[in-house]
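Hi there,

Here is the structure I promised to pass on to you. Have a look at it first, and then read my notes below.

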Amino acid sequence: GCALMVHHGLDPDDSSTMLLLEDGRAFGKTEGSIRVASRLGWPYRATVLLRLIPGGLRDAVYDQIARRRRLIPGRRWCAMPAPDLDLADRVLG
């Protein structure tokens, strides 16, 4: 995963974004999120309407939400593991 992020110009240590690889192309931030949500059916499919908003503006809002996501009630759904937790050792160990 880290190598793919670097290959597509993203910081692998930046947990504020996502990367969708589809047919050999990379989509990040709002475009990646819209593409994922559009496959989930109603009501998530309605996110395609967000494409009416210019991508730069959409991504600026995305960045603001990503920076503050831990403040959203019910934050367990987007909790990040503690920095000292080595998941590779747990999986491979």
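In which helix does isoleucine 65 lie? Isoleucine 65 lies in helix α3; helices here are DSSP runs of H or I with at least four residues, strands are runs of E with at least two, and both are numbered from the N terminus.

A word on the source: this is a predicted model, in which local features need pLDDT of at least 70 and side-chain atom pairs count only at pLDDT 80 or more, while totals for chains, interfaces and linings use all residues. Residues are numbered from 1 along each chain as its sequence is written, and side-chain values use heavy atoms, leaving out hydrogens and water.

Now to the helices. Helix α2 (residues 29–37) packs against helix α3 (residues 55–67) at an angle of about 90 degrees, and their axes are 8 Å apart. Axes are lines fitted to C-alpha atoms, for helices over the stretch in contact, and angles run from 0 to 180 degrees between N-to-C directions. The two helices, α2 and α3, are therefore roughly perpendicular to each other, a label for angles of 65 to 115 degrees.

Next, a salt bridge, meaning a side-chain nitrogen of Lys or Arg within 4 Å of a carboxyl oxygen of Asp or Glu. The whole structure has 6 salt bridges. In one of them, glutamate 22 meets arginine 35 at 2.6 Å, N to O. This pair links distant parts of the chain, 13 residues apart: glutamate 22 is in strand β1 and arginine 35 in helix α2.

Aspartate 23 has a positive phi of about 55 degrees, although it is not a glycine.

Enjoy exploring!

Conventions
Angles under 35 degrees count as roughly parallel, over 145 as roughly antiparallel, 65 to 115 as roughly perpendicular and the rest as oblique.
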